[in-house]
Amino acid sequence: MDELLLNEWHPVAAGETLQAGAMQPVRLLEQDLIVWRSQDGSVHAWEDRCPHRGARLSLGRVAGDRVVCPYHGWQFDTAGQCRLQPAHPRDTPPKTACTRRFLAQEAYGLVWVCLGTAPRRLLPFPEHANPALRKVVCGPYLVHACGPRIIENFLDMAHFGFVHEGILGDAEHTEITDYKVAEFDDGLGDDGMKGVIATGCFAWQPQANLLAAGGSMVEYTYRVVRPLSAILTKLPQAQDGFHEAISLHVQPMDEEHCRAWIILAMTNSVSGDDELRAFQDRIFLQDLAVLESQRPKRMPLGPGIEVPQRADRLSAAYRRMLARLGMRYGVIPDEAEKPPR
């Protein structure tokens with residue numbers, strides 16, 4: 001397993017769908033989990049397995065602040081400790097009768113889980129803290145592709161005129177002018193991460209957003225803040241005062257199957273939540289067939305398998321970032337492509 005991703009925070013559920021007393025089964029890095037919310041509002045992430053006979057806890061229920069196993073009714077408290085074995089109601093369950101727990105927290109409208117023991121701090125998303133911007137969670141979108149392929153597609157402007165023609169791109173305006181790529185410091189110091197930023201990215205878009213009345217040149221800035229998280233800001237030149245930040249976060253269920261979450265932060269106060277989600281759904285679903293068609297399924301980090309073009313400067317920097325961080329999951333490491341001696 002990839003230590004980098006084990007110690008990273010990953011989105012697994014929308015906070016608003018996880019009410020107190022509710023439980024959801026989720027999958028992360030080939031681990032089946034349950035996430036649930038106790039009465040005090042805290043979120044919890046456990047292995048989806050009862051320690052008694054291995055039944056899925058997700059087939060059970062939440063009763064008050066206890067998870068009840070569907071097989072023999074064992075009841076587990078918020079610390080994962082069994083407090084009642086109905087077959088022996090007067091006995092005190094042994095300390096070993098406990099679930100396997102994982103780190104969980106709620107932020108940016110999502111529930112995040114870390115499977116490791118040495119997590120770094122959650123990625124920064126300062127636009128989300130701006131009270132002037134409206135926030136909407138979109139997705140999740142199921143994708144039969146590796147996580148890095150999904151992030152790289154998010155960073156790519158050269159496909160706009162072909163995959164998103166009439167919305168984000170135009171077949172008559174496909175040229176990608178040069179832009180700047182640099183290292184990005186997330187500002188968290190030793191507990192943060194060195195990512196990638198691209199500035200001066202311009203694209204002609206017929207409908208940059210739901211409020212756009214016509215086409216305009218749009219300026220993008222991209223920030224890759226974590227191996228499977230990226231944030232873009234876009235500013236249409238034809239609309240004074242409009243500002244939008246879109247963050248993409250990938251939940252790797254396994255190396256070739258993911259769920260993608262999108263968080264919007266924007267000045268659009270006119271469109272309804274369902275309208276905004278439908279717009280993002282339309283764009284993402286246009287990407288889906290191409291994403292799922294890419295071969296090899298794991299993204300190569302070294303040369304020799306794919307032929308880049310100049311517009312790929314950002315994706316090339318992203319691949320170098322993953323190689324520098326030692327990413328192994330969902331990628332073909334550079335050394336795997338070197339011929340044997």
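Predicted model: local features only at pLDDT ≥ 70, side-chain atom pairs only at ≥ 80, totals over all residues.
Residues are numbered from 1 along each chain as its sequence is written, and side-chain values use heavy atoms, with hydrogens and water left out.

Q: What makes a space here a pocket or a cavity?
A: Both are sets of points on a 1 Å grid over the protein atoms alone. In a cavity a 1.4 Å probe fits but cannot get out, whereas a pocket is an open set with protein on both sides within 12 Å along at least five of seven lines. By this rule there are five cavities of 30 Å³ or more.

Q: What volume does the largest pocket have, and what does that number stand for?
A: The largest pocket comes to about 640 Å³. That is the space filled by probe spheres set on the points, with grid points joined across faces, edges and corners.

Q: How many residues line the largest pocket, and which lie nearest its centre?
A: A lining residue has an atom within 4 Å of a point. The largest pocket has 23 of them, and Glu152, Glu306, Asp312, Ser315 and Arg319 lie nearest its centre. Two or more lining residues come from each of helix 2 (147–154), helix 4 (273–293) and helix 5 (313–325). Helix 5 provides the largest share, four residues. Helices are DSSP runs (H or I, at least four residues), strands are E runs of at least two, and both are numbered from the N terminus.

Q: What is the lining of the largest pocket like by class?
A: Sort Ala, Val, Leu, Ile, Met, Phe, Trp, Tyr, Cys and Pro as nonpolar, Asp, Glu, Lys and Arg as charged, and the others, Gly among them, as polar. You then get nine nonpolar, six polar and eight charged residues.

Q: What about the second largest pocket: what is its volume?
A: About 170 Å³. It is lined by 15 residues, and those closest to its centre are His173, Glu175, Phe202, Ala203 and Trp204. Helix 3 (160–163) and strand 13 (194–205) each give two or more residues to this lining. Strand 13 gives the most, three residues. By class, the lining has nine nonpolar, five polar and one charged.

Q: Which residues sit closest to the centre of the largest cavity?
A: The largest cavity has a volume of about 290 Å³. It has 24 lining residues, with Phe154, Leu168, Leu232, Gln280 and Ile283 closest to the centre. Helix 4 supplies the largest share, six residues.

Q: Why are helix 2 and helix 4 called oblique to each other?
A: Their axes come within 11 Å and cross at roughly 130 degrees. Axes are lines fitted to C-alpha atoms, for helices over the stretch in contact, and angles run from 0 to 180 degrees between N-to-C directions. Under 35 degrees counts as roughly parallel, over 145 as roughly antiparallel, 65 to 115 as roughly perpendicular, and the rest as oblique. Helix 2 and helix 4 are therefore oblique. The contact (heavy atoms within 4.5 Å) is made by Arg149, Ile150 and Asn153 of helix 2 with Phe284, Asp287 and Leu291 of helix 4. That is three nonpolar, one polar and two charged residues.

Q: At what angle do helix 2 and helix 5 cross, and what is that called?
A: They cross at roughly 150 degrees, with axes that come within 10 Å. Helix 2 passes helix 5 in a right-handed crossing, meaning that the near helix is turned clockwise from the far one by less than a right angle.

Q: What is the phi of Leu29?
A: Near 50 degrees, a positive value in a residue other than glycine. Leu29 is in the loop between strand 2 (23–28) and strand 3 (31–37).
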